[in-house]
Amino acid sequence: MDSAYNRMEHSRFWYACELESRYGAVKRARGQYLYTQSGARLVDMYQEGGRAVLGWGAGKALTHCKNTANRGALGTFITAEQHRLHRAVHNLLPLYTQVRWYGGAAAAEAARAAVSAELWRPWGEDARSECVWFAPPFPWGGDTVIICCKDAAHDARLLESDLLAPPVLAGMTRALYDLAAELPRRDESLWRRHDKILLKYWKRRGPYLYPLVSEKNYTNFFLHCLDCGLYISPQYKTASIVPHEASDGDFTRLKRRPYDAE
């Protein structure tokens, strides 16, 4: 078997397979870096679609997740964690009183459509819409999203929240408090740090990077960056994120091998 991952899944998770085929399996993640079995260190500019925007292993979310798991309540139970998560969302976005969370892509998409929720991202534009959705900054594999609305009238149009495992809810809750504390600490001084190289390939708004490369060439651009030790967003319409913890040396290979779509 030439890959640790089943070939049948390659079309869905091609980007993970491409990373593994070049560098071996990821064995550790810390901050804005991924470390692989071959000894490579990759700069993570994808950051799990924003779920790792605080950094892999940052804050105390994983500790809270582990502590809750140690209590053994791992099933689909109603616990105090649901109430705590609701409070954490309200602390982050005080105007939004109606809160739901969904652990699967299909349920999340249906809920977003039901209330016309708009994407909110930290350090992006302020949340103004009646309903917004966002990926919780707890990098646990999956498609978990949080949807919140200002008006109780939207309540009847939303399915009840999924019963996610209490340790995952605890991790999400702590991550939201960590995010609220981190919001005033990051600004343009961090995000413009690598503009000299990044703005050749992306348009930047705050920490978010939107490709200048055309959509038809984007997969090739992703693979080129991967060969240069940069793990960018594998989806054209999902922004990459400025790795402000990276050093100039982390971009050396991209500087030496500029991408040319032609």
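Q: Which ring does the charged end of R205 sit over?
A: The ring of Y210, with the charged end 4.2 Å from its centre. Keep in mind that the model is predicted.

Q: And what about R112, where does its charged end sit?
A: Over the ring of W133, 4.2 Å from the ring centre. W133 is in β6, opposite L119.

Q: OK, the sheet then. What's the strand order?
A: β4-β7-β6-β5, an open sheet of four strands with mixed pairing. β4 (98-102) and β5 (118-119) each have a single partner strand, so one side of each has no neighbour in the sheet.

Q: How do β5 and β6 run, parallel or antiparallel?
A: Parallel, and two bridges join them.

Q: Which strands does helix α3 touch?
A: β4, β6 and β7; α3 (residues 80-92) packs on the sheet, its direction at about 120 degrees to that of β4. Helix α4 (residues 105-115) lies across β4, β6 and β7 too, running at about 20 degrees to β7.

Q: Switching topic: how many aromatic pairs are there?
A: The count is 15. One of them is W123 with W191, edge-to-face, 6.2 Å centre to centre with 70 degrees between the planes.

Q: Where do W123 and W191 sit in the chain?
A: W123 is in the loop between β5 and β6, W191 is in helix α6 (residues 188-191), and they're 68 residues apart. Both are buried.

Q: Last one: which residues cluster with W14?
A: F13, Y15, Y46, F222 and Y231, in one aromatic cluster. W14 is in helix α1 (residues 14-23), and its contacts beyond four places in sequence are T219, F222, L223 and P234.

Definitions and conventions. Residues numbered from 1 in each chain as written. Predicted model: local features only at pLDDT ≥ 70, side-chain atom pairs only at ≥ 80, totals over all residues. Heavy atoms only, no water. Contact = heavy atoms within 4.5 Å. Pairing = 2+ DSSP bridges. Axes fitted to C-alpha atoms, helices over the stretch in contact; angles between N-to-C directions. Phe/Tyr/Trp six-rings, centres within 6.5 Å; stacked < 30°, edge-to-face > 60°. Buried < 20%, exposed > 50% of the residue type's maximum accessible area, 1.4 Å probe, protein only. Lys NZ or Arg CZ within 6 Å of the ring centre and 35° of its normal.
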